[in-house]
Amino acid sequence: MEAFAEIKPGKRYLTRIYLGIMLWFVGRAVQAAAKVDKEVAKEFENMPDEYTFCLGAFPNGPYMIVGKDAIGRVRYKGGNPDKHDIHLEMGLKSLGNLFTMFTFRESTPVANARDRLFVCGDVPNACACVRVLDIVQVYLLPKPIAKLAIKRYPRWSFKRHTLDRALVLIRTLIGF
Amino acid sequence: MTTHFSFLCRTKTSAGTNALEHLPFELSGMGAKKPMVIQDAASRKLKRHKCLIRAFKDSGMTLGIAPAVPEPALSGSKKKPEATAQFIRDMYATYREKGYDAIIAVGKAAAADMAKALNIAVTLGPDALKGTDITAPLNPLIYIPTGVDTVTATAASVTFNRKAFTSPYLAPDQAVIDPAMLIPDDRDSLLDAALFCLALGCEVHALSGNPPARAYAAALVELAAVPLAQMIGSYSESNLKLRKKAEAGWQKQLVQAAVISGYLTDGSRPLLTLALGREISGDSGRVSLGMIMTVLLPAVLETLGRDRFGSLLLPLSGMERFSTVPVSQQPVTAVQTIRGLLNGLHAVTGGHTPRTLAEAGWQRDALTALAADENIQNITRDTAQDVLKCILTHACDGSPVTAPLG
Amino acid sequence: MYIPDYFEFCCRVKIVAGHDGLEQIPSLLTAMGSSAPMILTDKGVRAAGLVDVVETALGGNLTIPTIEDDVPPDSDLNVVHRLADVYREKGCDAIIAVGGGSVLDTAKGINILVSEDSDNLMEFTGAGALKRPLRPLIAVPTTAGTGSEVTLVAVIADHANNRKMLFTSYFLLPDAAVVDPRMTLTLPPHITAATAMDAMAHSVESTVMMSKNPLSDAHAREAMTLISKHLVSVIKNPSDKDGRLALATAATMAGIAFSNAMVGMVHAIGHSVGSVCHVPHGTCMAILLPYGLEYNLHKAEDRIADLLLPLAGPEAVVSTPADKRAQAAIDWIREFNKELNQITSGRHATRFKDLKGHDGTPMVPKDKLPEIAATAMGDGAIFYNPEDMDYEDFLMVTEAAWEGVPLDPTRIKKG
C-alpha cells in the first residue's frame, strides 16, 4: 500500500509573470483610454471619486487595480489590492481561468457564462467596468483577436480606430 | 404531474473543460482549506491526483493524498469489511490529526462510497458508523468521476459493514466532471452505462409524475440515448483511432449521465428496472446490469405507465420525430424506440446481447417464482405480485403488455 | 441537446409540492431538528388570510413563538436587525418565510445574523462571505412567479446609506420550498397572468442565455410546458386547484432554470421599468419577452426555434418549416399575451403605452424611456445576454415595447 502524502501544490511562475505583464498593460491602457476616449471618460465620470476596482485571480492574484484619485483622475494603481480600498472586485475563480481568458481562448462573456467569473461590489459600476474593459480590448488588440475577447465588435469612426488607438497605445507604453 | 411530490438533489454538478480549476474556489466557499483526496486503485495507479495537484497550484491549499481504497467496493457483494474498516480507521486518524477539513473522492463508486463512510466518521465521530440518523450537513465532500459506472456514486446513500445509511446529506456537495480526469473505459462498459442511464431515466420520466425528477430524467435520457445510438451505429468501426476518439466523446457525455443517475436513486421512489435488474443480473452473472434493465424497461413502462408516458418520446427521439407522432401513438412509439435500440444492438453484436430475459438465460417458471419471492417483494417496495409477474413474464419473451393491470 | 464546454448546475432546495404541501412543514422541521419556527410574512399576505391557512395546516403539534409581518416591500437592514433580535428573544430555531422576494430576502438576512451569532449584517455582504450552513429556513411562495424560493441571492437595502447590499451564497438557499396551491388560489386573473408570465420569462430566457446547459434546459422546458398548458384554463377557472399547483410548480422549476442559466435583456429592461416607473415585474416580463427573443434572434435562432414545441405544441412544429420556427415561437408569445389580455378584460397589458396607474395616468410616460434605457445599462442581467447592448439598443427596444410594435431588424447591430 502506498504511503499517505501531504502535498502543498506550488506556483505557476511563468503564468504569473505573463499575466502580471498583461494586467499591467491593460491597467495602464485603461488609464490612457480614460484620457483619450470620451465613452470611457464618461463611464468613469459616473463613478464616485476614489472609486477603485480590481481584476485578478482567486485567491492570490495577480491583480490589476484601477481607480479614480481624489480629484477624479483615472489611475492605474498597481497590482497590490491590499494597499487600496477596493470597491469592486472582479475575479476569475482561478489563475488558470485568468490565463485562459488572457490567452484569448475564452472571451470575458464566455468565461462569465461558464461561471468562471465572480463579482463583489455594486452591479451598475461592474457593468460600467466591463464596458470600459471591452473598449480597451478593442484599442489594444487586432480585430480578429478582439472579436474573440468581446461579445460584439463595435462600429467605430475611422478616427477612433486609428488616431485614438495610436494615442491609447502610446500613452499606455509611456504611462502618461 | 401528480398532486403531490417532493424532490431534493443537494449535489452541485459542474462539468467540462477546466472544471478542476474551480475546486479551490468552491472549497473555500464551503469553508475548507485542507482537503483529503481518496482515490480508487485505478485512479491512484494512473496518478490522477497529479491533475488535481496542478489545479491547486497557486491556491495556497494543502492536499492529502491517501493510499488507494481497498477493492472491491463497499457496495459490492463480495466485501472485505476488515480492509475497508481499517482504511476508515487510518484515514479518520489522519484527517483528525493533521487537520483536514474536506474530502475529495476520485474514481468510481468505490472511492465515492468510501469517502461517504469516512465523512460520516469524521463529522459525527467513528461510532456513527455503527448506525445513526444523519439530519444535518456533513463536512464538505467533492466527487470527481474518472469513468462511467453503474453503481451510483452520487446517490444519497452508502452501505458500510452491511449497515445502510440514507440521508440527503450523504450525497457529495459537488460532482466535478473534468475530461482531464477521465480514464478511458472499454466499449462494453460504455454500452452498459448508456443502457443503465437510459433505463433509469426512462422509468423516472415516464412513471414518477414528479416535475423536477422528470427534468433530471429528461436530461439523463438525452445524454444516454444519443451516444447509445451512435455506439450501435458504429459498432463495427475497425479504425482503432476513430473508435477511440468516438469512445472518448461518448465517455464524456455518459459520465455526466452517470452522475445525474445518482440524483434519481435517492430511495424516495421505487425504481423497478434497477431493483429487478440488480437481482436478475446479479444471479445470471452473464449479462450486465444496464442490459437487463433495458430489457425490463418496455414491460415496466407498459405495465405501470399504461398509455400515459407519451412525453418520454421527446427526450428519447428528439423534437422532430416526437412532433410527427400522434399523441395516441407516442407511448407505443417510445417503447418501439427502446426495443429498436435493443434489437439493433443484438444485430450488430451478432446476437450476443439479449433482447429478452429468455435470451439472457432465464426460464419463464423461474421468473414467475422470482415475482413471488419475499426478498423481491421487499426490494421493490411491496409492488403487487401480479404486477411483478406481468413485468417479468413479458420481459421474458419480449411480448408487449396488451392488457395493463389495474 | 446543447452541452456547453463547461457548465454548473445546483439547486439544493428540497421542493415539496402538493395540495397538502403546507402540512409537510412540521415533518420537514423535525427532520432538521427544529421545533420553534418564526413565521415571517408581510402585511399584504397576512391580510389576504394566507398566514391563517399556514397556521391551520401546521396544526397544534408545532409551537410558533411568533408571527412577524412588519416586512416592507423593499427589504431593509434595520428591519433585519430588529427581527433577528425578536428571533433570539422568542427562542426561535427556524424561519418559515411566507411571501415573495422581500419576505424571503429579509428571512435570509435574519438567518445570517442568528446563525452566525452576529449583530452586523455588513460582515457578510458579497459573494462567498458565508462559510457554513445556516439554520433551517423554509420558503412558502405566495405568488406563482418569482422563483425566489430557489435563488441563492439576497438583496437587502441599507436605506440610511442609500445603497443595496447583495449577499450571494449557496448557504442562503432555503432548505425547502413548500409549493401549495392554496397560497395562490385567491390571486385575481390579471395577477395570475402576470406572475405566470414572469415564470414564463424565466424559463424562456434561461434557454436562450449563454449559460444554458442540459439541466437548466430540462427544468425550463418542463416549466414552459406546464404554463402554456394550464395558464388560460386557470384564468378562466380560478379555483382549478390542479392547474394552480401546476403553475406554482412551473414557477419554482423556472426559478431553478434561471438561477442556474441566468436571464438577460428582458430582465435588464424589466428591472429598469420596475424601478423607474413602478410597473409590476410580471407585467414587464410579459410585454418584453417577445422583444428579448427578437433582439437575440440572429445569435440564438436554433435555441428560440426549440421553444416552439413546449410553447405551441407538436402540431405547430410540424406545420412550421424549420427556418420559420424561431419567428413562430416569438409570434406565439405575442398571441398568448393578446389572449391573456382578452380573458382578463384588458387588464393584462401587451405594451407599456397602455399601462395606467390607479388615477388613470400613464404608468410609463414616453419621456421616461431614456431614463429606463440608462438604468438598464447598469443591470447585471445583460452579462448573460447572447448579444451585447448599448444605450441606443436599450432605447430602441424600450420604445418598440412601449408602442407594441415588433423590432425593426435593420436596427439591430450585429458586430
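How much area is buried between domain 1 of chain B and domain 2 of chain B, and what percentage of that area do carbon and sulfur atoms give? The buried area is about 1,400 Å². Carbon and sulfur atoms give 69% of that area. Buried area here is the accessible area (1.4 Å probe) that two parts lose on being put together, summed over both.

The model is predicted: local features need pLDDT of at least 70, side-chain atom pairs count only at pLDDT 80 or more, and totals for chains, interfaces and linings use all residues. Residues are numbered from 1 along each chain as its sequence is written, chains are lettered from A and ligands numbered from 1 in the order in which they are written, and side-chain values use heavy atoms, with hydrogens and water left out.

Domain 1 of chain B spans 12–181 and domain 2 spans 187–397, with bounds from an automatic or database domain assignment. Their centres, taken over C-alpha atoms, are 29 Å apart. The contact (heavy atoms within 4.5 Å) takes 16 residues from domain 1 of chain B and 18 residues from domain 2 of chain B. On the domain 1 side, Val148(B), Thr150(B) and Thr152(B) lose the most area to domain 2, together 41% of what that side buries.

Zero salt bridges were counted between the two domains of chain B. A salt bridge requires a side-chain nitrogen of Lys or Arg within 4 Å of a carboxyl oxygen of Asp or Glu. By class, the side of domain 1 of chain B that touches domain 2 has seven nonpolar, seven polar and two charged residues. Nonpolar covers Ala, Val, Leu, Ile, Met, Phe, Trp, Tyr, Cys and Pro; charged covers Asp, Glu, Lys and Arg; the others, Gly among them, are polar.
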